[in-house]
Amino acid sequence: MKVLVTGGAGYIGSVVTEELVRDGHDVVVYDSLYKGHRKAVVEGAAFVHADLADAQTLRETLAERQIDAVVHMAADSLVGESCEQPARYYQNNVINGLILLEAMRETDVRRIVFSSTAATYGQPDKQPIDETAPNLPTNPYGQSKLAFEQALRWYAEAYPLRFVSLRYFNAAGASEACGEDHAHETHLIPIALQAAAGTRDFVEVYGDDYPTADGTCVRDYIHVIDLARAHILALKKIESVNDPGSIYNLGCGGDGYSVNQVLATAREVTGKDIPTRVAPRRAGDPAVLIASSEKIKRELGWNPKFQDLRVIIESAWRWMLTHPHGYSD
């Protein structure tokens with residue numbers, strides 16, 4: 001297929017692009033480089049440096065490249081920032097998303113895989129979370145992603161559009177070529193590895209008095225390559241069936257890992273001390289957030305290969321050692 005990957009110069013988008021190219025697809029990365037990196041665009045993929053808000057360039061790219069399907073990953077994705085700047089999140093995640101859908105409609109591109117989030121669920125009472133859980137987002141980020149999912153549903157009702165929405169939990173790890181390089185890092189595993197590498201003084205642990213086995217929050221981690229493979233399976237589903245739209249969770253499918261378990265494993269992998277400081281709980285942080293991925297395993301045959309926490313952290317550490325300054329190396 002000829003696939004357009006919006007946000008394909010970002011962390012997850014670059015690995016999705018890498019896997020698509022590996023499988024023989026003709027890939028065009030469409031990215032403003034607002035948060036992405038030109039060096040993250042893998043060899044074998046074409047690159048268009050443009051913003052989703054640029055409707056004309058978007059239409060021209062879809063038409064001239066004869067795109068068959070879109071993997072839509074371009075978005076703002078920081079919960080705290082979304083609370084401080086909701087307008088930015090609605091602009092980038094909803095309005096620009098609608099510009100994309102209109103460009104697809106006008107150029108007769110009928111398939112889209114959407115990079116969504118577990119933040120659509122808010123703080124569900126039931127764990128692990130499955131796709132039947134109510135959507136009650138507690139921040140503008142989750143709400144903006146849910147709003148675009150709802151737009152997909154109505155577009156699929158009105159037009160010949162088919163979609164798959166993938167709700168991520170915590171992506172982590174790296175491929176050999178692509179890894180995490182954020183200007184402001186918020187993810188636990190790279191923060192822990194930065195502390196191991198000596199580029200960060202310590203790791204803040206937000207609360208150690210939760211009702212969990214060791215008092216720290218439990219979260220779901222999924223290797224970014226496994227995440228990328230799910231997108232390829234989603235494209236195959238859209239190609240082969242007439243179902244207008246489906247939603248799937250993507251997580252490790254087990255019991256999750258506590259903050260302390262992540263830190264202990266990072267110490268084992270790196271052989272380094274990782275200093276920590278206990279900080280107050282963050283408002284709205286649930287004790288446990290883990291996914292049920294049974295639906296995507298059952299319906300699409302998704303079979304994650306790198307589900308072990310140690311494997312995830314080892315891959316991220318290897319990438320950090322070979323890219324000590326990220327993509328600026």
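This is a predicted model: local features need pLDDT of at least 70, side-chain atom pairs count only at pLDDT 80 or more; totals for chains, interfaces and linings use all residues.

Residues are numbered from 1 along each chain as its sequence is written, and side-chain values use heavy atoms, with hydrogens and water left out. Helices (H or I, at least four residues) and strands (E, at least two) are DSSP runs numbered from the N terminus, and two strands pair if DSSP finds at least two bridges between them.

**The sheet**

- An open sheet is formed by 7 strands, which follow one another in the order E3-E2-E1-E4-E5-E6-E11 with parallel pairing.
- Strand E3 (46-49) and strand E11 (245-250) stand at the edges, and because each has a single partner strand, one side of each is left without a neighbour in the sheet.
- From one strand to the next the twist averages 20°, where angles run from 0 to 180 degrees between N-to-C directions and axes are lines fitted to C-alpha atoms, for helices over the stretch in contact.
- Strand E4 (residues 69-72) runs parallel to strand E5 (residues 111-117) and is joined to it by 3 bridges, and Val-71 has Val-113 in E5 as its bridge partner.

**Helix H2 against the sheet**

- Helix H2 (residues 55-64) packs on the sheet, where it touches strand E1 (2-6), strand E2 (26-31), E3 and E4, and its direction makes about 175° with that of E2; contact means heavy atoms within 4.5 Å.
- Leu-58, Thr-61 and Leu-62 are the buried residues of H2, with buried meaning under 20% relative accessible area, exposed over 50% and partly exposed in between (1.4 Å probe, protein chains only).
- These residues lie on the same side of H2, because they cover an arc of only 95° around the axis, the arc being that of the directions from the helix axis to the C-beta atoms.
- The cover over the buried residues of H2 includes E1, E2, E3, E4 and helix H4 (86-106).
- After H2 comes Gln-66, which has a positive phi near 50°.

**Helices H4 and H5**

- H4 packs with helix H5 (residues 140-158) at an angle of about 20°, and their axes are 9 Å apart.
- H4 is therefore roughly parallel to H5, a term for angles under 35 degrees, while those over 145 count as roughly antiparallel, 65 to 115 as roughly perpendicular and the rest as oblique.
- Among the residues that meet are Tyr-89, Leu-98 and Leu-101 in H4, and Tyr-141, Phe-148 and Leu-152 in H5.

**Single residues**

- Val-28 lies in strand E2 and is buried, with a relative accessible area of 3%.
- Leaving aside neighbours within four places in sequence, the contacts of Val-28 include Val-5, Val-48, Thr-61 and Ile-67.
- Gln-127 and Pro-128 are joined by a cis peptide bond with omega about -5°, and Pro-128 is placed in the loop between E5 and H5.
- Leu-33, in the loop between E2 and E3, has a positive phi near 60° although it is a residue other than glycine, and at 25% relative accessibility it counts as partly exposed.
- Asp-108, found in the loop between H4 and E5, has a positive phi near 60° and is likewise a residue other than glycine; Asp-108 is partly exposed, with a relative accessible area of 49%.
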